[in-house]
Amino acid sequence: MKYVVKHINTNHLRHTNMFLKYFSDIDLKHGVFIIDEATHFETRKRAKSIIRKFKHPDLWKIVVIKDGKKEKK
């Protein structure tokens, strides 16, 4: 089971899914629109620590990924 950080669908992203691509070596956070290009985190704790670095962490949520597809809850 892996985790992806996803932007909440609001405002200009209301009809678009945006995910986080994180480059840890230079601490760069980049938005991508394809889930396969997003950074897949091994633990929920690591994904949550990245969300805390955002200016508005309430606009991001953690999505569970199973076998390359989003898991329904």
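Buried here means under 20% relative accessible area. The views below are taken from a predicted model.

**View 1. Buried residues of helix H1.** Helix H1 spans residues 44-51, and its buried residues are Ala-47, Ile-50 and Ile-51. These residues cover an arc of only 105° around the axis, which puts them on the same side of H1.

**View 2. Packing of helix H1 against strands.** The strands against which the buried residues of H1 pack are E1 (2-7), E2 (19-23) and E4 (60-66).

**View 3. Surroundings of Arg-46.** Arg-46 is a residue of helix H1. Its relative accessible area is 35%, so Arg-46 is partly exposed, a class that lies between under 20% and over 50%. Leaving aside residues up to four places away in sequence, Arg-46 touches Tyr-22, Ser-24 and Phe-41. A separation of 9.0 Å is found between the C-alpha atoms of Arg-46 and Tyr-3, which are 43 residues apart along the chain.

**View 4. Pairing of strands E1 and E4.** E1 and E4 run antiparallel and are joined by 6 bridges. One of the residues shown is Val-5, whose bridge partner in E4 is Ile-62.

View 5. Of the 7 residues of E4, 5 are buried, so the strand is largely enclosed by the rest of the structure.

How values were computed
Residues numbered from 1 in each chain as written. Predicted model: local features only at pLDDT ≥ 70, side-chain atom pairs only at ≥ 80, totals over all residues. Heavy atoms only, no water. Buried < 20%, exposed > 50% of the residue type's maximum accessible area, 1.4 Å probe, protein only. Helix = DSSP H or I, 4+ residues; strand = E, 2+ residues; numbered from the N terminus. Arc of directions from axis to C-beta. Contact = heavy atoms within 4.5 Å. Pairing = 2+ DSSP bridges.
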